[in-house]
Amino acid sequence: AEMYDRIKLLGNAQDAGRPQIGCTQKCCTDARKNSSFSRMPVSLGLQGEKYGLVEATKSVGEQLSLMGNTMIDELWLTHAHLGHIEGLGQFGREALNSKNIKLRCSDSVVDYTMNHPIWKKLIERGNLTFAKFQSKNIIPIEVPHRAKDFDTHALLFKGKNNNLLFLPDHDTWEETLELVGYDNPKEWFSSLDVDVVLLDGTFWNTNELKTRVQSRVPHPSVTETIDLIGDRKENDPRIIFIHLNHTNPLHYPDSEEYQKLASLGWEVGEEGMEFNL
């Protein structure tokens with residue numbers, strides 16, 4: 001696979017983006033009135049001699065233009081929840097009609113794709129072609145995330161100068177740490193020798209969703225993560241929160257929550273942010 005030397009963050013919202021369909025709260029009415037408040041779902045642009053993309057979101061067209069409309073060589077998927085895979089159709093005959101873009105995903109995501117009449121056609125017509133879910137510089141790491149039909153992986157990008165961990169979705173720190181065999185997120189990050197972590201920050205805290213939905217949407221809240229990682233010390237990686245729900249106050253830089261996170265030395269992802277590898 002390709003060696004990439006830069007990664008661009010192409011979105012920082014969770015699967016449905018912001019504004020979210022049907023949402024009439026301030027967070028979404030702001031975003032409808034003023035596009036500077038709107039956010040695309042999480043995706044990464046991989047840049048080097050060739051180009052790649054991580055996740056196929058509903059905004060894949062805009063995200064490719066944010067990368068400079070380059071033709072991508074490969075597409076990586078962390079899992080198959082709708083917001084990470086729904087953009088696949090844009091590679092088909094009705095839109096881009098791409099030729100043999102390598103689709104790199106786990107075996108269970110391959111099976112899931114082939115059980116879907118629309119996405120299966122993309123493979124049969126040669127728009128996409130399955131390729132190995134690992135390369136010399138991109139290493140998938142399994143994480144627990146509501147896996148009935150498919151598994152979920154974080155992606156570790158190894159570069160000449162920096163390593164980056166992309167972990168947009170997982171259920172709980174307890175389960176993730178148990179699976180990877182560490183007691184604390186920082187110990188795990190240190191074992192991977194990462195300089196940057198793009199981390200699941202879906203909800204600020206558990207009262208963010210007033211309904212029972214939250215109990216069915218397991219993600220570690222940012223406050224839980226902060227309790228585990230404390231403030232940033234000298235040798236810590238940059239930890240940048242992404243995959244923010246439309247309701248997350250971290251979307252507003254002047255919010256108390258954003259200020260609190262910044263005072264601890266951690267960051268919030270912004271579309272267009274670039275990282276050198």
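Ser-108 sits in helix α4, residues 107-114; helices here are DSSP runs of H or I with at least four residues, strands are E runs of at least two, and both are numbered from the N terminus. With 18% relative accessibility, Ser-108 counts as buried, where buried means under 20% relative accessible area, exposed over 50%, and partly exposed in between (1.4 Å probe, protein chains only). Leaving out residues up to four places away in sequence, Ser-108 touches Asp-149, Phe-150 and Asp-151, with contact meaning heavy atoms within 4.5 Å.

A quick word on the ground rules: this is a predicted model, where local features need pLDDT of at least 70 and side-chain atom pairs count only at pLDDT 80 or more, while totals for chains, interfaces and linings use all residues. Residues are numbered from 1 along each chain as its sequence is written, and side-chain values use heavy atoms, with hydrogens and water left out.

## The chain as a whole

The protein chain holds 10 helices and 13 strands. Its radius of gyration is 18 Å, close to the 19 Å that the globule rule gives for 277 residues, so the chain is as compact as a globular protein of that length. (That radius is taken over C-alpha atoms, and the rule is 2.2 Å times the number of residues to the power 0.38.) The C-alpha trace spans about 50 × 45 × 35 Å along its principal axes.

Of the 277 residues, 56% count as buried. Among contacts with a separation of 6 or more, 69% come from residues 24 or more positions apart. The accessible surface is about 12700 Å², and carbon and sulfur atoms own 46% of it; this is Shrake-Rupley with a 1.4 Å probe.

## The sheet

Seven strands make an open, mixed sheet, ordered β6-β5-β4-β3-β2-β1-β13; two strands pair if DSSP finds at least two bridges between them. β6 (128-131) and β13 (274-276) are at the edges with a single partner strand each, so one side of each has no neighbour in the sheet. From one strand to the next, the twist averages 25 degrees, using axes fitted to C-alpha atoms and angles from 0 to 180 degrees between N-to-C directions.

Leu-103 stands opposite Phe-130 in β6.

## Helix α1

In α1 (residues 26-33), the buried residues include Cys-27, Cys-28, Asp-30 and Ala-31. Viewed down the axis, the buried residues of α1 fall within an arc of 155 degrees, so they line one face of the helix; the arc is that of the directions from the helix axis to the C-beta atoms. Lys-26 and Lys-33 are exposed on the other side of α1.
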